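Here's a quick tour for anyone opening this one up for the first time. Have a look around, then come back for the highlights.

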Amino acid sequence: MTTGAGGEVWAAIDGQDWQRTGRLSLQGVGRRLEHAAPPADLSAVRALDLSGNRLSTVPSWLSALTRLEALDLAGNRLDRVDVDLPHGLHTLNLSENRLRSVPEVVGRLRELRWLDLGHNSLEHLEHLAWLRALQVLILTRNRLHSLDGLPASDLRRLNAAGNGLRRLWSGDRRLTALRFVDLAWNDLTTEALAPLAHSPLSRLHLDGNRLRELPPWLPTRVLDVLTVTGDHGELKSRADVLGGVVTGDAVLRELKSLSRSTSEPGERNFDAPERRFEFTLAMTTQESVTEVVNLYYTGHRGVDATLTLSDRTTIAMDRLTPHATLDLVHRHQAPGAPASLRLGPVPVTRDGPSLALATEALARVPSITLMPSPGLAPPVDVRRVPPERVVDVMVARRPPDGTEAVVTLGRGETLVPSTAYVLQVSIGPRRDGTIVVNAASLRVELLEPSSEGWWFDVVVSSADVALDADAACAGRLFVPFDGPGWVCPCAPERPHECRPEDRRPAHEVPFQTHVGTGVSELRCTVYHRGSVVQSLHVVLPVGVPDGEHLGLHAEVDYALAEDLARAAELPQRRVAVLTNDSGSGTHTIVVKGVGQPAVQTHISESGAAQLLQALRQKLTLITLGEDGRKSQYDTDNAAGPGHFRQALQGLARLGSQLWTAAVRTHGDREALRGALRGSSVIQVSRVTSSVFPWSAVYDIARTLDGAWVPCGLLDELGLLNEHPDRCPYETTHEMNTLCPFGFWGIRHQIEEPASVLSGTLPTVIPMPAGPRLATVRSLNLETGLSAQHLEDLQSALGGTFSLLDCDSRDDLLDALRAPLPLVYFYSHGRVGVVEDTSLTVPYLELGQHERFSPGDLDAWAQGERWQPQTWRDVPPLIFLNGCNTAELTPERLVSFVEDFAGMYASGVIGTEISVHQHVAGEIARRFLSYLIQPGATVGGSLRKARLDMLAKGNLAGLAYTAFCSADLELVPA
């Protein structure tokens with residue numbers, strides 16, 4: 001089996017005893033599994049969980065797992081299954097995907113016994129007829145109107161609740177083994193139930209159908225477990241006489257009785273219209289909890305319901321998927337222990353949704369009882385919302401004798417020169433003494449399920465104070481489901497072995513102020529699964545008189561999730577890079593590999609400027625020559641062999657210098673090289689005005705003046721058209737090897753998202769029906785090239801998108817009034833003077849010398865000529881393809897990125913340097929043609945475009961930067 005997934009997958013594999021048990025969970029590790037196999041031989045695995053990974057295609061490597069018996073693909077984005085699955089599968093879970101039909105490959109699984117296709121969009125059944133071994137079939141929450149196509153098998157359990165069934169199946173088919181049937185919440189009449197007359201039923205659920213009476217053939221033994229709730233019709237049958245039907249009226253009477261018996265003197269009567277009543281279903285077995293959860297998501301989703309499990313795990317059920325909730329139940333509900341489902345507070349009426357859920361649950365599920373919440377203690381604590389928890393930062397003074405830090409400094413105070421302090425970072429209830437001015441709440445109910453809670457990494461960096469290096473680079477906080485977080489020595493992804501008395505409430509980083517006075521700065525960054533979540537800027541006034549500064553304080557100034565609880569929405573990243581300016585005139589670069597201590601480097605302002613200028617000049621020289629205007633490529637945008645090798649050498653020399661400047665020690669470089677084997681996504685978080693060309697980093701070891709050792713790939717560039725994850729000649733690489741895959745931008749996807757202080761970093765662009773791409777262009781570009789580019793672009797889009805040509809500000813404004821997933825600026829980038837001032841600002845040239853800046857969007861919104869809600873609903877990707885101009889530097893471009901992000905755009909594609917019009921057009925065409933494919937992402941599409949250009953010896957693709965999530969994709973609305 002090939003390698004190529006990532007360190008995130010390694011971590012999941014390494015933490016499980018799968019070689020002994022045969023069971024392996026790769027739940028929630030991300031989409032990297034789609035195209036690359038895990039870095040281990042999994043041929044012995046018998047049960048594999050790939051749920052919750054946002055997969056849009058089934059990994060092809062699954063077909064090699066010939067011993068696999070159970071496969072869980074629930075909670076992904078699958079609209080098809082076009083990979084042959086192992087024929088020995090007994091259990092297959094495809095629930096909570098986007099399937100519109102039963103995949104043909106499923107029909108070839110002749111040994112399949114258990115199949116879950118629930119919560120999809122199936123409209124009819126096919127390919128199931130040959131599943132003769134099938135015993136359990138789950139079809140809940142689809143769009144089925146009949147069950148024609150069921151297998152003539154030994155089917156024993158059938159759950160088709162929550163469809164639109166009007167009939168069952170036609171013909172004389174008899175399912176003679178069928179015992180358990182759930183047909184609740186359909187559109188069935190008494191007559192439509194006739195096909196069940198020949199089945200040996202022992203349990204039948206018909207809640208929420210159009211039944212006027214029960215069929216006369218229904219055996220008496222079924223009546224004890226028959227449920228007919230929802231009051232769709234008035235039943236007149238022997239079931240009423242025998243007491244086999246539980247009605248809402250009976251439950252309502254019981255609630256009224258319980259309320260009166262537990263009410264306090266002077267309380268209002270239960271029947272008063274203002275009364276809002278909470279009640280609880282108490283459950284005593286894991287099986288009853290599971291069944292109630294299934295009931296909720298099948299027929300009652302949206303009811304205000306809070307599930308509390310035996311270990312006090314609290315779940316707001318309307319915020320999680322069925323699969324995520326059941327996963328928590330299986331992990332945290334002890335056998336034989338009590339659990340509770342609290343409903344309300346809502347008005348309880350005969351037709352109320354909470355009452356309907358309670359009625360159906362009491363009718364169906366054994367071992368549950370009804371009890372009101374007011375006046376009666378529930379079996380366990382059912383608090384819906386835990387106390388607010390935030391990221392807190394505090395500063396305490398370390399006494400000279402080295403004892404525990406006890407003197408906490410308040411916000412606004414001043415520090416003393418040459419003095420020892422400790423920075424305390426915690427996640428929990430807001431603490432007295434916090435210096436954070438804009439702390440965000442941690443809403444735990446939004447986090448993905450975990451075995452016990454969630455781990456966050458903490459990194460502290462500063463060029464202004466002396467930090468304890470070990471504590472600054474390797475902090476870790478555990479946050480449980482409820483209560484404050486803590487620091488402990490336990491390993492992530494393993495059960496806690498620490499005792500409560502051994503846990504510390506905060507991660508502490510000792511530091512010492514310098515001798516002089518002034519304002520020092522420090523940065524505290526919080527990571528989750530390798531991705532930056534929030535970064536706090538800490539201001540430390542040292543010896544500065546009161547009144548001359550704002551005093552000690554911290555603020556969140558960079559975030560990819562406004563709420564730490566939304567960190568789970570961010571895809572896992574193997575390496576994250578953070579760049580930060582400091583008040584002392586230096587750049588701090590923090591490189592953090594998942595599961596590794598952070599690496600910190602400080603570069604002087606002048607040193608950084610010199611390196612950035614040299615890299616950009618070299619890239620410009622390679623692509624546009626000495627004058628910065630003439631393309632160095634032929635009419636097909638290809639380079640001659642001599643030019644390509646010379647260009648590659650020059651850029652690799654500078655890229656190697658950036659690598660050694662960012663990662664200073666041999667040990668750190670080796671660790672990062674190990675983390676970055678194969679292709680991965682590198683996240684760059686920028687809290688600085690400088691933009692580093694991270695695509696040009698070259699990490700193959702090199703001596704300063706060493707002779708280059710050409711990689712075999714240089715003679716076979718055509719191999720790059722296959723978009724390999726790694727160099728085909730990687731095993732031959734040695735010191736001083738010259739290979740395109742030494743560049744981060746060729747081997748990896750690099751994302752550089754702008755700060756998101758509202759919501760979370762977008763990863764999806766909803767694509768409305770008949771989507772359009774606005775092409776906003778300058779009329780001062782070369783006319784022939786422009787016309788050909790638009791023609792090529794429309795051809796590449798293949799009818800998926802229609803082009804909306806905009807060659808003026810008015811055209812652009814008209815276009816933006818409708819939802820646009822993509823906005824493409826094919827124009828000049830300029831810098832101009834604001835009228836009657838000496839101030840210069842960047843702008844894009846449209847039409848005939850018309851100017852447009854992102855500030856214009858805000859003005860249009862204020863003038864009610866454009867509605868920002870349009871971009872909230874469909875946050876577009878903005879492609880700034882600035883042609884033939886060097887005026888719009890990356891630092892100037894950043895203002896566009898931040899302003900567009902502030903107006904709810906999902907991201908921006910921009911360039912490091914000026915790009916020739918002909919080259920820019922081809923790169924854009926290739927990128928967009930890949931992006932519109934199902935399941936394609938921005939990061940993957942941009943990398944493919946780079947490799948296509950590189951196959952012709954063209955390095956211009958390295959000039960493009962994705963200021964957005966690499967996982968951003970177009971998804972049909």
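How many disulfides does the count come to? The count comes to 0 disulfides. Keep in mind that this is a predicted model. Below are some things to look for, sorted by topic.

**Cysteines**
- Cys 727 is in no disulfide, and its nearest cysteine sulfur belongs to Cys 711, 3.5 Å away.
- Cys 727 has 3% relative accessibility, so it counts as buried.
- Cys 473 comes in at 12% relative accessibility, so it counts as buried too.

**An open sheet**
- Five strands line up in the order E21-E19-E23-E24-E25, making an open sheet with antiparallel pairing.
- At the edges you'll find strand E21 (475-480) and strand E25 (553-559), each of which pairs on one side only.
- Ignoring direction, neighbouring strands of this sheet are turned by 25° against each other on average.
- Within the sheet, strand E19 (residues 453-461) pairs with strand E23 (residues 518-528) in the antiparallel sense, over 5 bridges.
- To spot the E23 side of things, look for Tyr 527, which has Asp 457 standing opposite.

**Aromatic rings**
- There are 18 aromatic pairs in the structure.
- One of them is Phe 825 with Phe 852: the ring centres are 5.7 Å apart and the planes sit at 15°, so this pair is stacked.
- Phe 825 belongs to strand E36 (residues 822-833) and Phe 852 to strand E38 (residues 850-852), so the pair ties together parts 27 residues apart in sequence.
- Phe 825 has 2% relative accessibility, so it counts as buried, and Phe 852, at 1%, counts as buried as well.
- Trp 871 and Phe 900 make a tilted pair, 6.3 Å centre to centre with 40° between the planes.
- Are Trp 871 and Phe 900 buried or exposed? Both are buried.
- Phe 825, Phe 852, Trp 871 and Phe 900 are among the members of one aromatic cluster, which also includes Trp 860 and Trp 866.

**Charges over rings**
- Arg 157 has its charged end over the ring of Phe 180, 4.0 Å from the ring centre.
- Arg 851 does likewise with Tyr 843: its charged end sits over that ring, 5.0 Å from the centre.

Note on methods:
Residues are numbered from 1 along each chain as its sequence is written. This is a predicted model: local features need pLDDT of at least 70, side-chain atom pairs count only at pLDDT 80 or more; totals for chains, interfaces and linings use all residues. Side-chain values use heavy atoms; hydrogens and water are left out. A disulfide is a pair of cysteine sulfur atoms within 2.5 Å. Buried means under 20% relative accessible area, exposed over 50%, partly exposed in between (1.4 Å probe, protein chains only). Two strands pair if DSSP finds at least two bridges between them. Helices (H or I, at least four residues) and strands (E, at least two) are DSSP runs, numbered from the N terminus. Axes are lines fitted to C-alpha atoms, for helices over the stretch in contact, and angles run from 0 to 180 degrees between N-to-C directions. Rings of Phe, Tyr and Trp (its six-membered ring) pair if their centres lie within 6.5 Å; planes under 30 degrees apart count as stacked, over 60 as edge-to-face and the rest as tilted. A charge sits over a ring if NZ of Lys or CZ of Arg is within 6 Å of the ring centre and within 35 degrees of the ring normal.
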